[in-house]
Amino acid sequence: MKTIEKSNHKNYLPSYPFSTEEIIEKYILSNQKIIFEKFAEKIAKDAKKDGERWRKFLENQWIKASSTCKRISLLSDAQNWRVEQELVEEIINMDYQSVADFFGKLAKYYEPNNPINQELITITELFKSMWKVSEKHTNIINRELLNTLNKEF
């Protein structure tokens with residue numbers, strides 16, 4: 001039987017069995033400054049990984065998203081110093097579409113003319129573009145996985 005590597009990308013947060021809205025209200029809004037600094041750091045690490053794999057488009061999108069998170073942290077003042085590093089990791093490790101959906105829902109917590117809303121919309125669009133580029137690759141992997149599983153059973 002062939003060994004199939006499991007992807008780290010999911011469309012849910014394994015350690016946080018709450019709705020997206022609950023996560024935003026409990027963890028994000030009261031920690032904006034520090035959590036967006038952590039998002040920026042995590043996203044920059046992922047950019048470097050894609051750069052090492054010669055995925056230049058994805059690397060550039062990650063870099064833009066990281067810069068946008070840094071700008072949000074500078075615009076934010078809400079902070080109670082309770083940082084959930086695991087939450088940051090799990091959010092960014094979701095599949096691109098789920099990350100885009102998460103930041104899209106977060107943007108709705110801000111007035112449309114609020115600069116943070118605009119920055120969050122930018123992040124949403126960056127992850128949507130990353131999903132669009134990787135969607136074909138993801139579908140090929142899923143099809144190959146199904147073919148492999150069907151042959152073995």
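To start with the setting, what percentage of the 153 residues in the protein is made up of buried residues? After that, please go through the ring pairs.

Modeller: Buried residues account for 37% of the 153 residues in the protein. The model is a predicted one, with a mean pLDDT of 82 for the protein; 78% of the residues reach 70 or more. The protein has six helices and zero strands, and along the sequence the pattern reads α-α-α-α-α-α. Of the contacts with a separation of 6 or more, 78% are between residues 24 or more positions apart. The protein exposes about 9400 Å², and carbon and sulfur atoms supply 52% of that area.

Now the rings. Two rings count as a pair if their centres lie within 6.5 Å, and by this rule there are nine aromatic pairs. One of them joins phenylalanine 39 and phenylalanine 103: the ring centres are 5.3 Å apart and the planes stand at 65 degrees, so the pair is edge-to-face, because planes over 60 degrees apart count as edge-to-face. Phenylalanine 39 belongs to helix 2 (residues 32-52) and phenylalanine 103 to helix 5 (residues 96-107), so this pair ties together parts that are 64 residues apart in sequence. Both phenylalanine 39 and phenylalanine 103 are buried.

Another pair is formed by tryptophan 62 and phenylalanine 127. Their ring centres lie 5.3 Å apart with the planes at 85 degrees, so this pair is edge-to-face. Tryptophan 62 sits in helix 3 (residues 56-75) and phenylalanine 127 in helix 6 (residues 115-152), so the parts tied together here are 65 residues apart in sequence. Tryptophan 62 has a relative accessible area of 3% and is therefore buried, since the cut-off for buried is under 20%. Phenylalanine 127, at 0% relative accessibility, counts as buried.

These pairs belong to a cluster: ring pairs link Phe36, Phe39, Trp62, Tyr96, Phe102, Phe103 and Phe127.

Serine 76 is placed in the loop between helix 3 and helix 4 (85-92), and at 6% relative accessibility serine 76 counts as buried. Leaving aside residues up to four places away in sequence, serine 76 touches Gln32, Lys33 and Ile116. With glutamine 32, the side chain of serine 76 makes a polar contact of 3.4 Å. Lysine 33 is 43 residues away from serine 76 in sequence, while the C-alpha atoms of the two are 5.1 Å apart in space.

Asparagine 31 is in the loop between helix 1 (20-28) and helix 2. Asparagine 31 is buried, with 1% relative accessible area. A polar atom of its side chain lies 2.6 Å from the backbone oxygen of tyrosine 27.

Last, confidence by region. Helix 5, which holds phenylalanine 103, has the highest confidence in the protein, at 95. Helix 6, which holds phenylalanine 127, has the lowest, at a mean of 73. Over residues 1-6 the pLDDT is below 50, and this stretch has seven contacts in the model beyond near neighbours in sequence. The pLDDT also stays under 50 over residues 138-142, where the model has one contact beyond four places in sequence.

Conventions
Residues numbered from 1 in each chain as written. Predicted model: local features only at pLDDT ≥ 70, side-chain atom pairs only at ≥ 80, totals over all residues. Heavy atoms only, no water. Phe/Tyr/Trp six-rings, centres within 6.5 Å; stacked < 30°, edge-to-face > 60°. Helix = DSSP H or I, 4+ residues; strand = E, 2+ residues; numbered from the N terminus. Buried < 20%, exposed > 50% of the residue type's maximum accessible area, 1.4 Å probe, protein only. Contact = heavy atoms within 4.5 Å. Areas by Shrake-Rupley, 256 points an atom, 1.4 Å probe, with all protein chains shown as cover. Polar contact = N/O pair within 3.5 Å; in protein donor to acceptor, adjacent residues only side chain to side chain. pLDDT = per-residue confidence, 0-100.
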